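Please keep the sequence and the model open beside them while reading.

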Amino acid sequence: MIRARSIEHTWRDASAEVRCLRGLDLELEAGEFCCLRGVSGSGKTTLLLALGGMLRPSGGTVQIGSEDLYSLSSGARARARAQQVGFVFQMFHLVPYLSARDNLLAVRSDLSRQEREARADELLESVGLQHRADHRPAALSAGERQRVAVCRALFNKPTLILADEPTGNLDPDSAEVVLDLLTQYTAGGGAVLMATHSQTPESRASRTLWLRDGTLHTS
Amino acid sequence: MNLVRQIFAEATHRWVHSLLLFAALFIATALPVAFHTTGGAAKRETSRLMRDLGYNVRILPKDAELTSYWAQGFADGALPEAAVQRFTTADDLSYNHLLAMLAGRVEFRDVSVLLTGLTAEVAPQTKKKGSMIFEVEPGTVHLGHAISEGVGAGDQIELGGLQLKVAATLSEAGTIDDTRAWVHLSDAQQILGMPAVVNEIQALECYCADAGVDNLERLRAELETIVPEGQVLRMDAAAEVRERQRRLSEEYFELLLPWILAACAGVVALLTAINVRERRAEIGILRALGHGSGRIASLFLLKAACLGIDAAIAGFAAGSWLALEYGPAVFPVTAGKITVEWNLLTYAVIGLPLFAAFSALPSTLAAIMQDPAATLREEGP
């Protein structure tokens with residue numbers, strides 16, 4: 001489903017170079033829930049962004065399905081990202097001026113308008129937020145915001161969800177709800193790669209990988 | 001999601017920003033519309049005021065002695081009366097408001113007065129305007145202030161052996177005109193015994209030359225081809241004041257408007273840069289949601305353009321109102337000519353959105369080139 005080969009990445013600025021990913025390999029299969037752990041600055045977010053087509057790595061290839069993401073034009077890569085990858089972030093990153101429903105509708109999609117609206121309503125209902133559909137993020141609790149963010153990631157029924165510390169800002173109950181949603185998604189055949197500092201999600205994970213010194217380890 | 005709906009939602013969410021953007025674009029429309037609407041009146045007003053300074057060019061017979069002309073108030077020699085008509089068919093002339101005159105001294109109540117015969121002003125066909133001086137009917141006379149004591153309108157007087165009806169007595173001018181008796185040219189020709197001739201043509205030098213051109217040389221060259229039997233005197237002080245004032249009036253608007261527009265463009269660019277800065281995370285997440293550069297750019301350019309359309313309509317209304325409300329007080333003589341110029345609305349509605357989008361372009365390019373990964377990483381674990 002997703003294959004990353006020899007991924008390398010070096011962050012450069014005027015004063016320093018940081019080689020955070022060093023020839024890393026990763027394969028994720030459909031239905032897999034994989035936790036990614038590592039200390040702060042180990043490169044977890046960089047890896048997620050590279051796997052999601054948001055950050056061209058300094059070296060290596062990323063393949064989702066049959067498509068090599070970084071051999072595509074930027075337009076085709078954006079389209080592939082919209083169709084195949086969903087992102088969930090620690091800080092939710094909902095568009096502040098759009099309602100919960102409109103945040104879902106902001107996803108790029110090939111569906112018709114009616115289909116998109118129906119899909120948004122269906123997702124919000126599935127997470128118990130249909131009554132909050134017209135509320136802006138500022139009016140929602142942290143748990144509600146993250147549920148909206150997960151709905152947004154699920155909107156196009158993607159192949160892969162990349163979740164960057166999605167429970168980091170949530171109380172335990174809300175964190176459980178979000179983990180339930182992601183678990184349900186993998187049960188439906190999707191794959192999740194979740195960066196986390198917490199041990200809690202590991203109980204849901206089919207495996208846990210550690211990012212150390214720019215490479216992945218199983219323990 | 002519908003792009004326009006998203007832009008509208010953002011614009012209302014960040015309403016202070018939108019209001020400031022609207023205000024800059026509003027000013028960029030309202031002031032030019034107000035200036036342009038009153039601009040015609042300003043030029044006409046200047047023209048009218050300058051015209052009121054009087055004729056500034058005199059065409060005399062070529063053989064007239066200037067010392068004698070200044071001493072006695074009229075020129076020796078004569079020009080054919082038809083000479084003035086030659087100006088009517090000539091194009092691209094520096095002469096306008098041409099007034100053919102025949103002047104000479106006659107006795108009136110034992111005083112030497114300057115009898116001056118006039119016909120109606122003539123003008124080149126392309127420059128026809130209202131007369132600068134009153135018209136005198138045959139058989140009538142207008143008496144200057146210094147020679148009209150004890151005489152009133154409607155009285156009959158005898159002048160050079162001709163009975164004339166006093167049409168008007170003129171108020172004090174403080175010039176030699178106070179000693180003139182203005183009669184019709186045909187009457188002057190009869191009194192002075194000089195049929196079918198004139199001895200002076202007064203004119204107004206129209207402003208059509210660029211700065212640095214020798215105006216007297218230009219006038220002489222033109223006269224040589226039209227009335228070769230004449231010579232031209234230019235009243236330099238009056239002509240220069242007129243020329244300078246008209247140039248000042250035009251340059252004022254030409255210089256001011258680009259600065260206003262540049263300032264408004266700068267404000268729009270700055271506000272868009274602030275907007276881009278505030279929306280860095282949003283740009284990153286929209287990229288993550290699969291949107292390309294076109295969509296990101298549209299969010300900023302279309303916002304500026306949509307506000308530009310609103311500001312164009314509101315600015316046009318406000319600018320026209322300013323011109324109609326305050327223009328007449330500033331330009332009282334030509335107040336009636338200040339009207340709403342509807343064609344400016346078309347220009348504004350088309351031009352201002354383009355102006356707004358163009359001003360927002362640098363910041364929009366910065367938004368497109370922004371690395372979404374860098375933004376999203378900033379808040380990662």
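1. In chain B, buried residues make up 39% of the 381 residues, where a residue is called buried if 20 or more other C-beta atoms lie within 10 Å of its own, exposed if 12 or fewer do, and partly exposed in between, with the C-beta atoms placed from the backbone. This is a predicted model, in which local features need pLDDT of at least 70 and side-chain atom pairs count only at pLDDT 80 or more, while totals for chains, interfaces and linings use all residues. Residues are numbered from 1 along each chain as its sequence is written, and chains are lettered from A and ligands numbered from 1 in the order in which they are written.

2. The secondary structure of chain B comes to 11 helices and 11 strands; helices (H or I, at least four residues) and strands (E, at least two) are DSSP runs, numbered from the N terminus. Two residues are in contact if their C-beta atoms, placed from the backbone, lie within 7 Å. Among the contacts in chain B with a separation of 6 or more, 81% are between residues 24 or more positions apart.

3. Nine strands of chain B form an open sheet with mixed pairing, in the order S6-S7-S5-S8-S4-S3-S10-S1-S11, and two strands are said to pair if DSSP finds at least two bridges between them. Strand S6 (156-159) and strand S11 (230-234) of chain B are the edge strands, each pairing on one side only. On average, neighbouring strands of this sheet are turned by 35 degrees against each other, direction ignored.

4. Inside that sheet, strand S3 (residues 95-108) and strand S10 (residues 200-205) of chain B pair in the antiparallel sense over five bridges, and B:Asn96 has B:Leu204 in S10(B) as its bridge partner. Helix H5 (residues 185-192) of chain B packs on the sheet, and its direction makes about 135 degrees with that of S4(B). Helix H6 (residues 215-226) of chain B also packs on the sheet, at about 155 degrees to the direction of S11(B). For these angles, axes are lines fitted to C-alpha atoms, for helices over the stretch in contact, and the values run from 0 to 180 degrees between N-to-C directions.

5. Is B:Gly336 buried or exposed? With 10 C-beta neighbours inside 10 Å, B:Gly336 counts as exposed, and its place is in the loop between helix H9 (293-330) and helix H10 (343-369) of chain B.

6. In chain A, an open sheet of six strands has mixed pairing and the order S6-S7-S8-S3-S9-S10. Strand S6 (85-89) and strand S10 (215-217) of chain A stand at the edges with a single partner strand each, so one side of each has no neighbour in the sheet. Strand S9 (residues 207-212) of chain A runs antiparallel to S10(A), joined by three bridges, and A:Leu211 stands opposite A:Leu216 in S10(A).

7. Helix H6 (residues 172-187) of chain A deserves a check of its length. Its 16 residues should span 22 Å at 1.5 Å a residue, and its end C-alpha atoms are 22 Å apart, which agrees; the expected span is 1.5 Å times one less than the number of residues.

8. Which residues of H6(A) are buried? They are A:Ala175, A:Val178, A:Leu179, A:Leu181, A:Leu182 and A:Tyr185. Seen down the axis of H6(A), these buried residues fall within an arc of 150 degrees, so they line one face of the helix, the arc being that of the directions from the helix axis to the C-beta atoms. An α-helix has 3.6 residues a turn, so residues three or four places apart point the same way. The face of H6(A) turned away from the buried side carries the exposed residues A:Pro172, A:Asp173 and A:Ala187.

9. Elsewhere in chain A, S4(A) and S5(A) form a hairpin with two residues between them, and A:Gly65 in the turn has a positive phi of about 65 degrees.

10. Finally, the contact between the chains takes 20 residues from chain B and 32 residues from chain A. On the side of chain B that touches chain A, the largest share, five residues, comes from H8(B).
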